[in-house]
Amino acid sequence: MNQPTDILRKVFGFPGFRGVQGDVVARVLNRQNTLAVMPTGAGKSLCYQLPSVVLEGTCVVISPLIALMHDQLRAAEAVGIRAATLTSADDNRAETIARFRGGELDLLYVAPERASSSHFRELLSQAKIALFAIDEAHCVSEWGHDFRPDYRLLRPLLDSFADVPRLALTATADAHTRADILEQLGIASDGLIVAGFDRPNIRYAISPRGNMTRQLSDFIAENPGPGIVYAQTRAQTERLAEALAKTGRPTRAYHAGLDAPVRARNQADFVASEDMVICATVAFGMGIDKPDVRFVAHAGIPKSIEAYYQETGRAGRDGDPAVAHLFWGADDFARARQRIGEVEPGRQAGERARLTALGALVETAGCRRAILLRHFGETPPERCGNCDNCLNPPKALDASVTAQKFLSAVFRTGQMFGAGYIEEVLLGRSTERSMTNGHEKLSVWGIVSGEETALIKPVHRALLLRDALRANPHGGLEFGPGAKPILKGEARVELVLPPARRKGRRGAAAT
Ligand code: ADP
Ligand code: ZN
């Protein structure tokens with residue numbers, strides 16, 4: 001009796017632990033400090049919920065989002081766990097405090113800013129604490145993608161209850177962030193448990209953006225079933241929902257600016273639907289339980305590889321085949337770089353490293369899954385057989401010479417013209433503007449012709465991605481720090497050209 005597996009069956013109704021859950025629970029029950037890195041959907045909550053039932057005293061859960069806390073509270077109460085939240089949104093706080101003091105709570109959810117207050121520390125000393133569970137633990141790290149200063153104030157609290165075990169949980173932590181979490185929360189490095197991150201049923205694909213509406217319409221025509229399209233802005237969610245409705249699929253928009261009832265209805269419609277496309281900002285998806293999402297498309301780059309993994313991870317939770325397709329533009333990278341310039345200096349290196357990692361994923365001619373899994377510290381096989389590059393290997397091509405021509409044209413025309421004009425110069429297409437500017441006498445005039453013409457646009461994209469070129473607010477191209485090494489021949493520009501679309505892919509009609 002009262003073996004963890006008995007509790008798992010009787011209280012939670014699960015036949016067994018999934019993945020590393022058993023190891024994590026065993027460590028917690030042994031009162032060992034632990035950092036569990038488990039992908040979304042792996043069942044992190046159980047890792048503290050189950051011990052909270054077994055151990056004497058209250059398990060204090062620190063969680064950053066009130067909405068998520070209330071979801072988890074409902075889920076815990078549904079299986080009979082005695083749980084409460086203590087947040088500014090709760091008007092039963094006095095009752096919760098009384099229950100806690102009386103030892104009647106298995107779980108108490110609080111936000112980090114409350115947890116770190118001296119009031120709360122005082123309260124905790126009035127009853128028995130079984131465990132500190134720190135959810136979304138990557139928020140403690142400046143290296144993480146979602147640093148929250150309040151998380152830094154947790155350490156004194158944890159240390160003042162030094163004999164209470166700590167369990168930190170996160171879905172998203174690269175090696176650097178993990179080491180930082182361990183240090184910040186005072187967990188020894190042998191307390192790290194990492195679950196497998198592979199989602200073999202998800203097929204990854206990444207391609208450059210052209211006409212977004214057309215590309216997405218084609219994409220959803222090829223992919224039946226419910227799916228999510230992540231847009232870059234609130235306005236874009238609405239535009240895309242409207243445009244994609246023309247394909248005949250039911251569509252909805254979802255973003256934080258919609259009235260709460262509309263948002264709730266759109267979400268409920270999507271969860272109930274078998275063929276709906278929801279066009280959403282990244283606010284959508286957290287805490288949503290829809291296992292049969294068949295695709296996740298991105299209309300622009302996500303914030304990081306972690307965010308990409310988490311967002312695409314909402315597809316195919318039922319284990320059936322699902323697709324993740326990212327459409328990217330060079331301007332996404334330019335904008336991201338600009339944003340990095342605006343964050344506080346101490347965090348810029350981390351942000352830059354995250355963007356570089358994302359650029360490598362986007363540009364690779366190799367296996368996408370291998371890059372993702374390596375990012376999470378795994379050692380995957382070279383090829384997965386279920387991503388665009390494995391299924392249809394692209395051609396890699398050294399375009400360094402074309403890149404040098406492009407950069408020279410930008411330089412000789414004074415670093416003030418846009419890509420369209422540079423292309424005209426390279427191709428030697430006479431216009432009124434080129435004549436007036438006297439650019440037809442330049443050495444770069446008309447130096448690109450024949451097959452090389454097709455490389456101009458991909459080279460432009462590659463140069464923006466590498467920060468060799470930057471667009472000024474008027475669209476004029478200027479040199480970035482990546483330009484010199486390319487011009488001097490110290491850095492090569494490899495292009496990955498997508499293979500020609502196979503004929504007949506869309507059905508037998510195309511013969
Ligand atoms: P995470 O927080 O890691 O994203 P959750 O804790 O929300 O994941 O759990 C995801 C889902 O998996 C929930 O529906 C949960 O009930 C279910 N689950 C958790 N553990 C198990 C298990 N051992 N067996 C079956 N289902 C489980
Ligand atoms: Zn692959």
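A residue is called buried here if 20 or more other C-beta atoms lie within 10 Å of its own, exposed if 12 or fewer do, and partly exposed in between, with C-beta atoms placed from the backbone. The model is a predicted one, so local features need pLDDT of at least 70 and side-chain atom pairs count only at pLDDT 80 or more, while totals for chains, interfaces and linings use all residues. Residues are numbered from 1 along each chain as its sequence is written, and chains are lettered from A and ligands numbered from 1 in the order in which they are written.

Along the principal axes, the C-alpha atoms fill a box of roughly 85 × 55 × 45 Å. Of the 511 residues, 41% count as buried. As for contacts (C-beta atoms, placed from the backbone, within 7 Å), residues 24 or more positions apart account for 71% of those with a separation of 6 or more.

Next comes the ligand. Around ligand 1 sit Phe14, Phe17, Arg18, Gln21, Met38, Thr40, Gly41, Ala42, Gly43, Lys44, Ser45 and Leu46, where a residue qualifies if its C-beta atom, placed from the backbone, lies within 6 Å of the molecule. This shell splits into 5 nonpolar, 5 polar and 2 charged residues. In that scheme Ala, Val, Leu, Ile, Met, Phe, Trp, Tyr, Cys and Pro are nonpolar, Asp, Glu, Lys and Arg are charged, and the others, Gly among them, are polar.

Helix α19 (residues 400-412) has two packing partners to look at. With helix α20 (residues 419-427), the axes come within 10 Å and cross at roughly 110°; axes are lines fitted to C-alpha atoms, for helices over the stretch in contact, and angles run from 0 to 180 degrees between N-to-C directions. That makes α19 roughly perpendicular to α20, a label for angles of 65 to 115 degrees. Lys405, Phe406, Ala409 and Val410 of α19 meet Ile422, Val425 and Leu426 of α20, giving 6 nonpolar, no polar and 1 charged residues. With helix α22 (residues 456-465), the angle is about 75° and the axes are 10 Å apart, so α19 and α22 are roughly perpendicular too. Here Thr402, Ala403 and Phe406 of α19 touch Ile456, Val459, His460, Ala462 and Leu463 of α22, a set of 6 nonpolar, 2 polar and no charged residues.

Most residues other than glycine have a negative phi. Arg31, in the loop between α2 (21-29) and β1 (34-37), has a positive phi of about 60° without being a glycine; it is partly exposed, with 14 other C-beta atoms within 10 Å. Asp467 also has a positive phi of about 60° and is not a glycine. Its place is the loop between α22 and β15 (469-471), and with 19 other C-beta atoms within 10 Å Asp467 is partly exposed. Arg347, found in helix α16 (residues 345-363), counts as partly exposed with 13 C-beta neighbours inside 10 Å. Leaving aside neighbours within four places in sequence, Arg347 is in contact with Glu142 and Phe147.

Definitions and conventions:
Two residues are in contact if their C-beta atoms, placed from the backbone, lie within 7 Å. Helices (H or I, at least four residues) and strands (E, at least two) are DSSP runs, numbered from the N terminus. Angles under 35 degrees count as roughly parallel, over 145 as roughly antiparallel, 65 to 115 as roughly perpendicular and the rest as oblique.
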